[in-house]
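Morning, everyone. Let me put the structure up, and then I'll walk through how the chains meet.

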Protein chains: 2
Amino acid sequence: MPNIITLSREFGSGGRELGKRLADELGFAYYDREIITEIAEQTGMNENYIEHTIENEVVNFKWHPLTFAKTFPQVSAISNTTVHILSLQHNIVREIAAKGNCVIVGRAADSVLSSYNPYNIFVYADDESKLKRCRARASDDERSQDLSDAKLLKQIKQIDRNRAEYHDIISSKKWGDKSAYNICVNTTGIEIKSIVPVLAELCKIWFER
Amino acid sequence: MPNIITLSREFGSGGRELGKRLADELGFAYYDREIITEIAEQTGMNENYIEHTIENEVVNFKWHPLTFAKTFPQVSAISNTTVHILSLQHNIVREIAAKGNCVIVGRAADSVLSSYNPYNIFVYADDESKLKRCRARASDDERSQDLSDAKLLKQIKQIDRNRAEYHDIISSKKWGDKSAYNICVNTTGIEIKSIVPVLAELCKIWFER
């Protein structure tokens with residue numbers, strides 16, 4: 001059975017970098033945005049549309065209380081397109097896992113692939129280092145530079161709430177609750193690449209039990 | 001400045017074993033019950049009494065709501081002895097840290113020693129493996145063997161609640177909330193000793209930044 005590492009992360013914690021480096025260190029395939037690309041290829045839909053649908057529509061569906069739904073039924077009904085995209089994403093995640101050893105970022109893969117007994121990693125950081133990382137990453141995006149810390153942090157937290165909502169629609173375990181993961185890594189104050197070889201060792205110990 | 005590792009743990013997660021092995025691996029001093037022994041030596045009080053006071057009286061103090069306190073003032077008032085023991089424990093934790101590199105288990109050391117910028121570890125496990133570990137550890141304690149899983153689990157959870165209450169009296173961060181720790185390690189399904197060298201590497205990376 002392939003060895004699967006799933007990586008969930010707070011926005012701005014460096015989780016994506018950690019996942020990519022970990023995959024390289026172990027010689028595993030790496031999947032993140034590649035899953036969206038695959039859905040786009042299978043459906044002919046635009047990648048941005050797919051991403052927007054997954055990140056917003058699914059989540060909004062859950063957010064609207066029933067009383068609100070009665071007034072505005074159109075926003076509360078999850079569309080057939082969304083269901084189709086979600087179902088495709090599930091299948092693609094399963095297909096990817098069946099192909100061989102890999103690191104999968106997000107997509108509630110910890111839950112979707114639980115039968116593989118994956119090594120589940122959660123990556124987080126404190127607000128200050130998330131802000132710093134976001135600003136460094138968006139150094140040529142003037143819109144982000146114009147935002148105050150408070151506004152940027154609000155956006156970061158909203159993205160995390162969306163991730164949590166998406167995960168919790170699919171999984172019985174709560175996103176970010178440590179019980180769902182084998183290890184939770186705080187990247188505050190450390191250089192991501194410095195800890196990758198060590199985390200790779202922990203993954204190997206898990207797979208070689 | 002000495003390198004300090006603090007280790008907080010759910011009861012039955014193997015945190016104590018992990019702490020001891022980690023200290024051995026790194027050549028650090030190890031403090032757990034040793035702190036109680038030190039308080040006993042400094043006060044002449046019985047170790048069991050000290051332990052009971054820390055684990056129960058401090059916690060019970062917080063648990064009684066004010067309305068209850070009005071009826072039974074004697075149980076709600078934290079005694080001078082308790083305050084004295086707590087204060088001694090704080091001082092001893094600080095003295096220990098000043099002596100040199102060490103691993104300190106519990107005692108809200110992550111908060112008390114925050115000025116040392118310690119490497120804070122939280123160790124946890126799922127219910128099944130905690131039960132298994134407790135039963136294995138208490139193999140010659142017939143009272144534990146007689147307990148049903150449900151009753152034993154209730155006791156385990158009560159001990160953790162006491163630890164959380166004790167920690168949260170002292171710290172502004174919540175016990176077990178991952179933001180308070182550099183790493184949270186789930187020991188479910190792994191042999192503690194297999195991950196100790198790897199965790200020691202993570203500690204070294206933290207101290208050598």
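Start with the contact: 23 residues come from chain A and 23 residues from chain B. Contact here means heavy atoms within 4.5 Å. Two housekeeping sentences. This is a predicted model, where local features need pLDDT of at least 70 and side-chain atom pairs count only at pLDDT 80 or more, while totals for chains, interfaces and linings use all residues. Residues are numbered from 1 along each chain as its sequence is written, chains are lettered from A and ligands numbered from 1 in the order written, and side-chain values use heavy atoms, with hydrogens and water left out.

Now, how much area do chain A and chain B bury between them? About 1,800 Å², with 66% of it on carbon and sulfur atoms. Buried area is the accessible area (1.4 Å probe) that two parts lose on being put together, summed over both. On the chain A side, A:K178, A:V198 and A:I205 lose the most area to chain B, together 30% of what that side buries.

Which elements of chain A supply at least two residues each to that side? They are β4 (119-124), β5 (183-186) and α11 (192-207). α11(A) gives the most, with 7 residues. Helices (H or I, at least four residues) and strands (E, at least two) are DSSP runs, numbered from the N terminus.

Between chain A and chain B, 13 residue pairs are in polar contact, both residues at pLDDT 80 or more. That takes N or O atoms within 3.5 Å; within protein, one must be able to donate a hydrogen and the other to accept it, and residues adjacent in sequence count only if both atoms are side-chain atoms. Salt bridges across the interface: 0. The rule there is a side-chain nitrogen of Lys or Arg within 4 Å of a carboxyl oxygen of Asp or Glu.

On to symmetry. A rotation of 180° with 0.0 Å of shift along its axis superposes chain A on chain B, RMSD 0.0 Å. That is a two-fold axis relation. In chain A, A:C184 comes closest to the axis, at 2.5 Å (C-alpha). And 100% of chain A's interface residues are also interface residues in chain B, so the copies meet through the same surface.

Last, the sheet. It is open, with 10 strands in the order β2(A)-β3(A)-β1(A)-β4(A)-β5(A)-β5(B)-β4(B)-β1(B)-β3(B)-β2(B), and mixed pairing. Strands pair if DSSP finds at least two bridges between them. β2 (29-31) of chain A and β2 (29-31) of chain B stand at the edges, each with a single partner strand, so one side of each has no neighbour in the sheet.

Key:
Least-squares fit on C-alpha atoms with pLDDT ≥ 70 in both.
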